[in-house]
Amino acid sequence: MLKFLKQVGDYAKETVQAARYIGQGLSVTFDHMRRRPITVQYPYEKLIPGERFRGRIHFEFDKCIACEVCVRVCPINLPVVDWAFDKASKKKKLNHYSIDFGVCIFCGNCVEFCPTNCLSMTEEYELATYDRHELNYDSVALGRLPYKVTDDPMVTPLRELVYLPKGVLEPHGLPADAPRAGARPEDLVEQTEK
């Protein structure tokens with residue numbers, strides 16, 4: 001008899017616990033139902049990436065000195081630097097440079113530690129292809145500048161929520177000169193100089 005009562009008691013506890021978990025899940029659902037939808041109609045509307053967005057890497061061939069610092073600081077030794085030693089000038093001469101974006105983790109170490117600033121992060125985030133071998137960008141493909149979202153006449157650029165004015169949750173129809181929530185980096189520099 002005691003065993004049966006213990007089983008009934010355990011069943012009642014589990015039922016109460018399950019009801020509590022269902023209530024917690026529904027509270028999250030109802031909380032989101034009260035919010036305004038913020039939907040981006042992707043091919044026709046695109047978000048403007050943030051100031052520190054780490055997109056595709058841009059490479060300037062003429063600035064590179066083939067020091068291979070980017071290869072050494074990369075957590076997965078990703079950039080492939082092919083160079084030859086020029087005996088006349090006693091310097092390395094860069095022959096080829098490539099990065100496979102199918103493997104890249106976009107950590108930005110190569111950009112941060114490059115001594116000549118020949119690498120930089122861009123706003124480009126649309127790298128999808130049907131063949132993974134097309135993601136292996138050589139120095140010519142890395143040298144192409146990306147097309148900005150704000151310059152595309154077929155796309156309506158939208159600001160991210162972080163850059164919307166305080167209290168505004170709808171990026172549609174917001175004028176381009178509307179004030180943003182936080183201060184720009186150049187404004188912060190001016191404040192520190194004063």
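This is a predicted model: local features need pLDDT of at least 70, side-chain atom pairs count only at pLDDT 80 or more; totals for chains, interfaces and linings use all residues.
The structure contains 2 cavities of 30 Å³ or more. The largest cavity has a volume of about 80 Å³, and the second largest cavity holds about 70 Å³. The lining of the largest cavity consists of 15 residues, with Cys64, Cys67, Cys70, Cys114 and Cys118 nearest its centre. By class, this lining of the largest cavity is made up of 13 nonpolar, 1 polar and 1 charged residues. For the second largest cavity, 13 residues form the lining, and Ile57, Cys74, Cys104, Cys107 and Cys110 lie nearest the centre. This second lining divides into 12 nonpolar residues and 1 polar residue, with no charged residue.

An unreviewed UniProt entry lists Cys64, Cys67, Cys70 and Cys114 under "binding site". Although these positions span 51 residues in sequence, no two of their C-alpha atoms are more than 10.7 Å apart, so they gather at one spot. Cys64, Cys67, Cys70 and Cys114 from this set are part of the lining of the largest cavity. Within the set, Cys64 is found in the loop between β2 (57–59) and α2 (69–73), whereas Cys114 lies in the loop between α3 (109–113) and β5 (119–121). Cys64 is buried, because its relative accessible area of 17% falls under 20%. Cys114 likewise counts as buried, at 11% relative accessibility. Leaving aside residues up to four places away in sequence, Cys64 touches Phe59, Leu94, Thr116 and Cys118.

A further "binding site" feature in UniProt, also from an unreviewed entry, is placed at Cys74, Cys104, Cys107 and Cys110. These positions span 37 residues in sequence, yet no two of their C-alpha atoms are more than 10.9 Å apart, so they too gather at one spot. From this set, Cys110 is included in the lining of the largest cavity. Cys74 lies in the loop between α2 and β3 (80–86) and is buried at 14% relative accessibility. Cys104 is placed in the loop between β4 and α3 and is buried as well, with a relative accessible area of 16%. When residues up to four places away in sequence are not counted, Cys104 touches Ile76 and Leu78.

The largest nonpolar core has 24 residues, among which Phe59, Tyr97, Phe101 and Leu119 touch the most other members. Two or more residues of this core come from each of β2, α2, β4 (91–100), α3 and α4 (139–143). The element giving the most to the core is β4, with 3 residues. Apart from its neighbours within four places in sequence, Phe101 is in contact with Arg56, Ile57, Phe106, Leu127, Leu135, Tyr137 and Leu142. One of these contacts, Ile57, is also listed with the residues nearest the centre of the second largest cavity.

Conventions: Residues are numbered from 1 along each chain as its sequence is written. Side-chain values use heavy atoms; hydrogens and water are left out. On a 1 Å grid over the protein atoms alone, a cavity is a set of points where a 1.4 Å probe fits but cannot get out, and a pocket is an open set with protein on both sides within 12 Å along at least five of seven lines; lining residues have an atom within 4 Å of a point. Grid points are joined across faces, edges and corners, and a volume is the space filled by probe spheres set on the points. Ala, Val, Leu, Ile, Met, Phe, Trp, Tyr, Cys and Pro count as nonpolar, Asp, Glu, Lys and Arg as charged, and the others, Gly among them, as polar. UniProt positions are given in the numbering used here, feature names are shortened, and annotations may be inferred rather than shown by experiment. Helices (H or I, at least four residues) and strands (E, at least two) are DSSP runs, numbered from the N terminus. Buried means under 20% relative accessible area, exposed over 50%, partly exposed in between (1.4 Å probe, protein chains only). Contact means heavy atoms within 4.5 Å. A nonpolar core is a set of buried Ala, Val, Leu, Ile, Met, Phe, Trp, Tyr and Cys residues joined through side-chain atoms within 4.5 Å.
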